[in-house]
Amino acid sequence: MKFKKEIIVGVVATVGVAALIVGFFFLKGQNLWEQNQRFYAVYERAEGVGTGNPVVKNGVQIGVLTKVELYPNDPSRVLVEFDITNDWIKIPRGSIAQLEPGMLGSPVINMLFSE
């Protein structure tokens, strides 16, 4: 009977750590169990852009920004990494990821598909 309490504490601790990890990724706007299409865009200026900002097409969110950093070959530019979370959306070659101001002041990436 002594081990019963220790097992319960171990199970509760494991569930707590798992919930913490899933919650961390949820707050970052990422899902652990989805396969996403990953794309990159390079901008001259990307003021206000941060991880978790939406990627939209015709006003509907289709993805999320995952990383913003300086471009390695040219530090005067900004490299933005974003994931398209809808698996049925295929980005055609030659499409443009246009940076636009959002509703509440935080910028969004608007996808302009090529024909």
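Let me start at Ile21: partly exposed, at 43% relative accessible area. The cut-offs are under 20% for buried, over 50% for exposed, and partly exposed in between, with a 1.4 Å probe and protein chains only. This is a predicted model, so local features need pLDDT of at least 70, side-chain atom pairs count only at pLDDT 80 or more, and totals for chains, interfaces and linings use all residues. Residues are numbered from 1 along each chain as its sequence is written, and side-chain values use heavy atoms, without hydrogens or water.

Ile21 sits in helix H1, residues 2-27. Helices here are DSSP runs of H or I, at least four residues; strands are E runs of at least two, and numbering starts at the N terminus.

Now the charges. A salt bridge puts a side-chain nitrogen of Lys or Arg within 4 Å of a carboxyl oxygen of Asp or Glu. The count is four.

Take Asp83 and Arg38, N to O 2.9 Å. Asp83 is in strand S4 (78-84), Arg38 in strand S1 (37-43), 45 residues apart. Asp83 is buried at 5%. Arg38 is partly exposed at 46%.

Next, Arg77 and Glu44, 3.1 Å between the closest N and O atoms. Both lie in loops: Arg77 between S3 and S4, Glu44 between S1 and S2. Arg77 is partly exposed at 29%; Glu44 is exposed at 52%.

Then Glu47 and Arg45, at 2.0 Å. Both are exposed. Finally, shared partners join Arg38, Glu81 and Asp83 into one salt-bridge network.
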